[in-house]
Amino acid sequence: MVDSMNKEQIIKRQKASQIIRKVVVYAFLGIMALIIIFPFYWMLISSVKSLDEYYLSSPTMFPREFHFENFRNAMAYASFGRYMLNTVFVGLVSTVLSLVITIFAAFAFSRLEFVGRDALFSVLLATMMVPGELFTITNYATVSKFGWQNTYTVLIVPFLVSIFYIYLLRQNFKQIPNELYYAAKVDGTSDFKYLWKVMVPLSMPTIISITILKMMGSWNSYIWPRLVANDEAHKLITNGLRTAFTNAETGRTDIPLQMAACVIVSLPLFLVFVFFRKYIMRGVSKSGIKG
């Protein structure tokens with residue numbers, strides 16, 4: 001009788017501790033979610049406020065009046081359309097070229113046999129330990145010597161090669177059985193044909209993931225474009241948003257229009273994440289840790 005009562009008490013204590021643990025975990029996750037979501041909420045409500053309401057001494061957490069015309073006005077304001085076209089052009093070209101380089105490099109490091117292959121790849125992996133900011137000065141000095149400032153070239157070429165993307169795709173390629181490659185070689189299939197007919201289709205989730213991540217990186221790029229191509233003809237949307245809605249005479253920024261523009265710019269990335277997040281997760285998970 002006593003043993004059964006002790007067991008019941010132990011079970012109750014275990015259940016109580018599990019409930020407390022879940023409450024603490026979900027409370028923490030809820031607080032962190034609010035911290036992350038609040039900036040997006042503030043951007044949304046600010047985008048539909050009037051200028052006078054935004055500059056009130058006591059900020060309003062919900063708009064008194066909705067001004068949806070801010071989105072239309074933002075699109076027609078200054079050089080917003082030009083900045084968008086520049087960003088789309090740079091993003092598409094850099095993504096396509098980077099994808100081609102990544103596929104060929106990953107194929108070479110996963111299937112082709114040449115002297116020093118593994119050592120070279122290890123050296124390339126070691127460069128991932130170096131923060132990208134450290135390359136800014138050397139990259140700037142290089143493009144300055146080439147005379148690339150204020151051109152599309154300087155926005156595209158310096159970041160075409162990503163060791164992380166090559167590593168990701170290489171790991172996926174190495175999971176494809178070698179027997180397929182040997183059988184293709186026996187049939188007289190060239191390496192190029194085997195790559196595009198076999199390896200690329202089998203690795204499509206990872207390739208889609210790389211495409212999305214590269215496009216998002218190009219879309220969100222800020223520091224480098226501001227440093228090397230800050231003229232009106234080549235300015236990207238991330239830099240344009242900072243100055244396009246500021247009155248040159250008064251120095252006052254129309255924040256509601258600026259926030260409306262931020263919503264417009266963020267919408268494509270949000271839709272990409274919503275509709276393609278499963279490809280990102282599947283591509284990363286399929287890469288595994290082999291090799």
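Aromatic rings and their contacts

Lys49 lies over the face of Trp42, 4.6 Å from the centre of the ring. The model is a predicted one.

Ring pairs link Phe121 with Phe109, Phe114 and Tyr167 into a cluster.

Next come the ring pairs themselves. A pair of aromatic rings is described by how far apart the centres are and by the angle of the planes. With centres required to lie within 6.5 Å, the count comes to 17 aromatic pairs. One of them joins Phe109 and Phe114, whose centres are 6.2 Å apart and whose planes stand at 55°, so this pair is tilted. An angle over 60 degrees would be needed for edge-to-face. The two residues can also be described by their accessibility. Phe109 has 8% relative accessibility and counts as buried, whereas Phe114, with a relative accessible area of 35%, is partly exposed.

Tyr181 and Tyr194 form another aromatic pair, with 5.1 Å from centre to centre and 65° between the planes, which is edge-to-face. Tyr181 lies in helix 9 (residues 178-186) and Tyr194 in helix 10 (residues 191-202), so the pair ties together parts that are 13 residues apart in sequence. Are these two tyrosines buried or exposed? Tyr181 is buried, with a relative accessible area of 12%. Tyr194 is buried as well, and its relative accessible area is 1%.

Note on methods
Residues numbered from 1 in each chain as written. Predicted model: local features only at pLDDT ≥ 70, side-chain atom pairs only at ≥ 80, totals over all residues. Heavy atoms only, no water. Phe/Tyr/Trp six-rings, centres within 6.5 Å; stacked < 30°, edge-to-face > 60°. Buried < 20%, exposed > 50% of the residue type's maximum accessible area, 1.4 Å probe, protein only. Helix = DSSP H or I, 4+ residues; strand = E, 2+ residues; numbered from the N terminus. Lys NZ or Arg CZ within 6 Å of the ring centre and 35° of its normal.
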